[in-house]
Amino acid sequence: MIRKAILAELDQIDQIALNAISNMKKSGIKQWDDNYPRYEHFAKDIENGILFVCERNKEIYGVMALMLQQDSAYLTISSWITSPENSLVIHRVVVDPKHARTGVFEELLMFAKDHAKKNQKTAIKIDTHDSNYKMRSFLEKHGFRHVGYLESIDRQAYELILD
């Protein structure tokens, strides 16, 4: 089940992020560090009503932030297919490593697609670090198109056009 996160879950969400950061470091992925994404980032997402959790068996398996507006860094790429006002942006996708390969990210992505359509968006945009080969592979497998490099945040940008 996907639902909005609540403030009472922040400690659990932060621990999942720490687990994921540790796992990324072991895999040679330099996307995140011990300071990001953490408690304060998720707290702000919850306060803004944009953080969603994947819950199974009364346990949080993963989280993601869904934004209806784009970061200024996204405006530096001219190869986007859709305009900023027609896109949903996914940030801070975190799946607890102990639940990797159980379809959590696929479930989160399906929810994001539905959320985008309900908000009259025609595309989903996301970014990831160049070294995050797992995320880049996942995105390409699920139909996202690489559209360029976001120099100001050192990330690769991807876009998925919705049916």
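This is a predicted model: local features need pLDDT of at least 70, side-chain atom pairs count only at pLDDT 80 or more; totals for chains, interfaces and linings use all residues.
**Exercise 1. How is the pair formed by Phe52 and Phe111 classed, and which parts does the pair tie together?**

Step 1. Recall the two quantities. A pair of aromatic rings is described by the distance of the centres and the angle of the planes.

Step 2. Read them off. For Phe52 and Phe111 the centres are 5.0 Å apart, with 50 degrees between the planes.

Step 3. Classify. Planes under 30 degrees apart count as stacked and over 60 as edge-to-face; the rest are tilted. The pair of Phe52 and Phe111 is therefore tilted.

Step 4. Locate both rings. Phe52 sits in strand E2, and Phe111 in helix H3 (residues 104-118). The pair therefore ties together parts that are 59 residues apart in sequence.

Step 5. Compare accessibility. Phe52 has 4% and counts as buried. Phe111 has 22% and counts as partly exposed.

**Exercise 2. Why is the pair of Tyr74 and Trp80 stacked?**

Step 1. Take the distance. The ring centres of Tyr74 and Trp80 are 5.3 Å apart.

Step 2. Take the angle. The planes of Tyr74 and Trp80 stand at 15 degrees, so this pair is stacked.

Step 3. Tyr74 and Trp80 are both buried.

Step 4. Count. The model holds three aromatic pairs by this rule.

**Exercise 3. How many residues form the largest nonpolar core, and which elements supply at least two residues each?**

Step 1. Give the count. The largest nonpolar core has 28 residues. Ile13, Phe42, Leu51, Val63 and Val94 have the most contacts inside this core.

Step 2. List the suppliers. At least two residues each come from helices H1 (10-26) and H2 (39-47) and from strands E2 (51-56), E3 (59-67), E4 (87-95) and E6 (145-150).

Step 3. Find the largest share. H1 gives seven residues.

Step 4. Zoom in on Val63. Beyond four places in sequence, its contacts include Ile13, Phe42, Leu51, Phe52 and Leu108.

Step 5. Look elsewhere. Another core, of 24 residues, lies apart from the largest one. Among its members are Cys54, Phe105, Tyr158 and Leu160.

Note on methods
Residues are numbered from 1 along each chain as its sequence is written. Side-chain values use heavy atoms; hydrogens and water are left out. A nonpolar core is a set of buried Ala, Val, Leu, Ile, Met, Phe, Trp, Tyr and Cys residues joined through side-chain atoms within 4.5 Å. Buried means under 20% relative accessible area, exposed over 50%, partly exposed in between (1.4 Å probe, protein chains only). Helices (H or I, at least four residues) and strands (E, at least two) are DSSP runs, numbered from the N terminus. Contact means heavy atoms within 4.5 Å. Rings of Phe, Tyr and Trp (its six-membered ring) pair if their centres lie within 6.5 Å; planes under 30 degrees apart count as stacked, over 60 as edge-to-face and the rest as tilted.
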